[in-house]
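My notebook for this model starts here. I went through it feature by feature and jotted down what I looked up.

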Amino acid sequence: MKKELRPYISIVSPVYGAEKLLDALVERIGNSMKQITESYEIILVEDHSPDRSWEKIEENARLDSRIKGVKLSRNYGQHYAITAGLDHSSGKWVVVMDCDLQDRPEEIINLYNKAQEGWDVVLARRYDRQDGRLKKWFSRSFYKVLSYLTGSSIDPSIANFGIYHKNVVESICSMRESIRYFPSMVKWVGFNSTSVNVKHAERAAGSSGYNFGKLLKLAVDIMLAYSDKPLLITVQIGILISMFSFVAAIVYFIMAVTGKIQVMGFASLIVSIWFLSGLIILTLGIMGLYIGKTFEGVKNRPIYLVAKRVNVNEAEEEIVLGQKESK
């Protein structure tokens, strides 16, 4: 793509179950962009949605060439869809936001203005989340456990919504590991970052694509990709049990020699066997998860596959199988 044709701002949004929201999303993003620049692109990545989201993307793309659509071959997940959007983005600044309008397009202006103060990353902090109590509690618990396992402080009020300089985006796109979690990748690459408080809206229609099973899988993937602490914990537990067993053995030996124990307990023996067997299986299971993810990574398969594109020019079509070709 020629340099002069590059948009100034790219807006990337993963799309799933958003057929009824896309018209409003595109309109509100456009209204916000008018206050910043006319040189922008909206990249909508359809993550194999069960509704007519792709048809809606095509309809909007026909009306405005700045709206680009990328349809993935199957449902890969939100963070893989974000990666696809980043791969197709070309703006100096890139905004990442959800499609459900809980991330308010009007806040893009505040994020952009803050970035002009010299920040490479400006994250949106949702100071008043419009979610149910159960979801808020689960989110706080999830991030507390994740912070402990990864050894880093993670703010539960910050998600994907933010504006990122192209240098940050290029650094993230160069990371081609098979497990994707956008906030952790942003934190890992560094760069100057800050956050601003934004209003968080209620979901305009539909429901979240995340259920308990998907959230649990996401948590396990993040843990395995960004931390080896579970392995360290199993080692610590093993050492503690060994120390306890050694002390208990001495105590029981003394009690047996002094005649205080006539018949050793069958129940205590069975409980000990079950406990230690369970611990061994748990340890092997954790190691197996790491080995499994390593096996998945060394296959070097593409992060995602694209089924269709709309309003993507020839230069951008060089993005094949989830990786930018080098010339």
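Buried here means under 20% relative accessible area, exposed over 50%, and partly exposed in between, with a 1.4 Å probe and protein chains only. I take strands (E, at least two residues) and helices (H or I, at least four residues) as DSSP runs, numbered from the N terminus. In a regular strand the side chains alternate between the two faces of the sheet. For the strand as a whole, I noted seven of seven residues buried, so strand 1 is mostly covered.

Next I looked up the partner: strand 1 runs parallel to strand 2 (residues 40–46), and seven bridges join them. Two strands pair if DSSP finds at least two bridges between them. I picked out Val12, whose bridge partner in strand 2 is Ile43.

**Housekeeping**

This is a predicted model, so I kept to its limits: local features need pLDDT of at least 70, side-chain atom pairs count only at pLDDT 80 or more, and totals for chains, interfaces and linings use all residues. Residues are numbered from 1 along each chain as its sequence is written, and side-chain values use heavy atoms, with hydrogens and water left out.

**Rings**

How many aromatic pairs does a search of the whole structure find? I got two. Rings of Phe, Tyr and Trp (its six-membered ring) pair if their centres lie within 6.5 Å; planes under 30 degrees apart count as stacked, over 60 as edge-to-face, and the rest as tilted.

Tyr8 and Tyr112 are edge-to-face, because their ring centres are 6.0 Å apart and their planes stand at 75 degrees. Tyr8 lies in the segment before strand 1 (9–15) and Tyr112 in helix 4 (residues 108–115), so this pair ties together parts 104 residues apart in sequence. I have Tyr8 as partly exposed at 25% relative accessibility, and Tyr112 as buried at 13%.

Tyr164 and Phe182 also pair edge-to-face, at 5.2 Å centre to centre with 80 degrees between the planes. Tyr164 is in strand 6 (residues 158–165) and Phe182 in helix 7 (residues 182–189), so the parts tied together are 18 residues apart in sequence. Both Tyr164 and Phe182 are buried.

I also checked Arg74: its charged end sits over the ring of Tyr76, 4.0 Å from the centre. The cut-offs are NZ of Lys or CZ of Arg within 6 Å of the ring centre and within 35 degrees of the ring normal.
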